[in-house]
Amino acid sequence: MSNPSLLILPGDGIGPEVMAEVVKIIDWFGVKRGIAFDVSTDLVGGCAYDKHGVPLHDDTMAKAQEVDAVLLGAVGGPAYDDLDFSVKPERGLLRLRKEMDLFANLRPAQCFDALADFSSLKKDIVAGLDIMIVRELTSGVYFGEPRGIFKEGNERVGINTQRYTESEIDRIARAAFELARKRGNKVCSMEKANVMESGILWREVVQKVHDEDYADVELSHMYADNGAMQLVRAPKQFDVIVTDNLFGDILSDCAAMLTGSLGMLPSASLGAPMANGRPKAMYEPVHGSAPDITGQGKANPIACILSFAMALRYSFDMGDEATRVEKAVEKVLADGLRTADLLGNDGETPISTTEMGDAIVAALDASL
Ligand code: IPM
Ligand code: MG
C-alpha cells in the first residue's frame, strides 16, 4: 500500500513559518514512528496570485481533490487588499472548501491548564474548557445567490443571501451528533430563528434529525446572539455547538479567545468519504496570516501543529498518535515555554517559532 498523501499549502504571511514547524513533526513521524507521508507542496492565496494571477491554480485544485488530506497555513495580506474581489487570496481558500465540499468545519476550543491564567476571562471560567464548534462551511451567506453590489435608483446596494437547504442542514446536524456521541453527548444548535426564516428551517431540521436518529444525544437550541453571550459567561455549559457558516465564523473566534490565544486553535474541514473511506479533508489553523508579525519569528506554530494532529485523528484514524502530539504540546506549555502571543507584558522572554517547533519535537522524542 502506498503512503498516505498530504498536500501542503503554506500560503501567505506567517503561513510558511508555522508550516515549516509542522513539516518537522511530519518528518519526525517518518523517522521515529515509521509513519511516512507522501508530501507535496503548492501555492494558495496571495503567493498563488503573484505567480499565476489567481489565488488558486486549477492544477492545485485538482491535486487537492486527489490527496488524502490538505494542510493549509494562512492566506491574505495588505498587499492584496485592493485586488478585485474575485481574485482576493481568501477566494482561494473558499474555492478549496466549496469544490472539495468540506461542509463540516470542526473547531475545538480547549483550554490548556498552563494557559488558563492567560485568558481574558477569569481562570475558573475557562480552566478545563473543552468545546467543539461545528461550523457549516460550504453554504449560507458565504455562497448564497444573489450576491453583489448593484445599482438601485441613484445609489448602490450590497447584497448577500443567507440560504440553507434541508439536506445541507441535515448533514451538518448529523456530523455534530456523531461527534457529540464521542464526547459529552450534548449538542447546542445556534441560529436566529427569531428573525430569519433560514433559522426557523435550521431549527426544525436539526430537531427532526435528532428525534429520528439521535434521540440519545441531549439537544438544545439557542439564538446565536445569546450563544455569544453564554460563551463568555459560562462556556463550560457547552459540549458541541452546531451553527451556520457566518455565525460559526464569529462564534469560533470568540471561543478561541477563551483559550488564551488564537495561536492555539486548530481546525478540520471534512467532506464526504472518498473511495478509500477517508473523508475529503483540509486542516488549517483558525488564525490568519498575521502580516504584522510576519517574518519575525514571533508566530505561534501550535495551532498549525495541532491541525496536523487533527489530520492524524480524522483522516488517518491514528487517534493515539494525535494524542501524542497534543500531549507534547501540553508538556511544552507546562514547562513554561511561550511564544510572544502567550506572554503578558511583564518582561518574560518569548521563544521563537522555530524554537517552539523544536521543543515540541523534543517532547515527542521524550514520549517514546
Ligand atoms: C476563517 C476565516 C475565513 C472565513 C476567511 C479567511 C475567508 O475567517 O476561516 O474563519 O471567513 O471563513
Ligand atoms: Mg474567521
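Q: How far is an oxygen atom of ligand 1 from an N or O atom in the side chain of Arg135?
A: A polar contact is a pair of N or O atoms within 3.5 Å; within protein, one must be able to donate a hydrogen and the other to accept it, and residues adjacent in sequence count only if both atoms are side-chain atoms. In this predicted model, the distance for Arg135 is 2.8 Å. An oxygen atom of ligand 1 also lies 2.7 Å from a polar side-chain atom of Arg97, and for Asp249 the corresponding distance is 2.8 Å. The protein covers 76% of the 320 Å² of accessible area that ligand 1 has on its own (areas come from the Shrake-Rupley method with a 1.4 Å probe; for residues, only the protein chains shown count as cover).

Q: On what conventions do these values rest?
A: Residues are numbered from 1 along each chain as its sequence is written, while chains are lettered from A and ligands numbered from 1 in the order in which they are written. Local features of this predicted model need pLDDT of at least 70, side-chain atom pairs count only at pLDDT 80 or more, totals for chains, interfaces and linings use all residues, and side-chain values use heavy atoms, with hydrogens and water left out.

Q: Which residues are around ligand 1?
A: A residue is near a molecule if one of its heavy atoms lies within 4 Å of it. Here they are Glu90, Arg97, Arg107, Arg135, Tyr142 and Asp249. This shell has one nonpolar residue, no polar ones and five charged (Ala, Val, Leu, Ile, Met, Phe, Trp, Tyr, Cys and Pro count as nonpolar, Asp, Glu, Lys and Arg as charged, and the others, Gly among them, as polar).

Q: Which residues does UniProt list for "binding site"?
A: UniProt positions are given in the numbering used here, feature names are shortened, and annotations may be inferred rather than shown by experiment. An unreviewed UniProt entry lists Arg97, Arg107, Arg135 and Asp225. They span 129 residues in sequence, and the farthest two C-alpha atoms are 25.9 Å apart, so they do not all gather at one spot.

Q: Where are Arg97 and Asp225 found?
A: Helices (H or I, at least four residues) and strands (E, at least two) are DSSP runs, numbered from the N terminus. Arg97 has its place in helix 4, residues 89-99, whereas Asp225 belongs to helix 8, residues 224-233.

Q: Which peptide bond is cis?
A: The bond from Glu145 to Pro146 is cis, with omega near 0 degrees. Pro146 is part of strand 6, residues 144-152.
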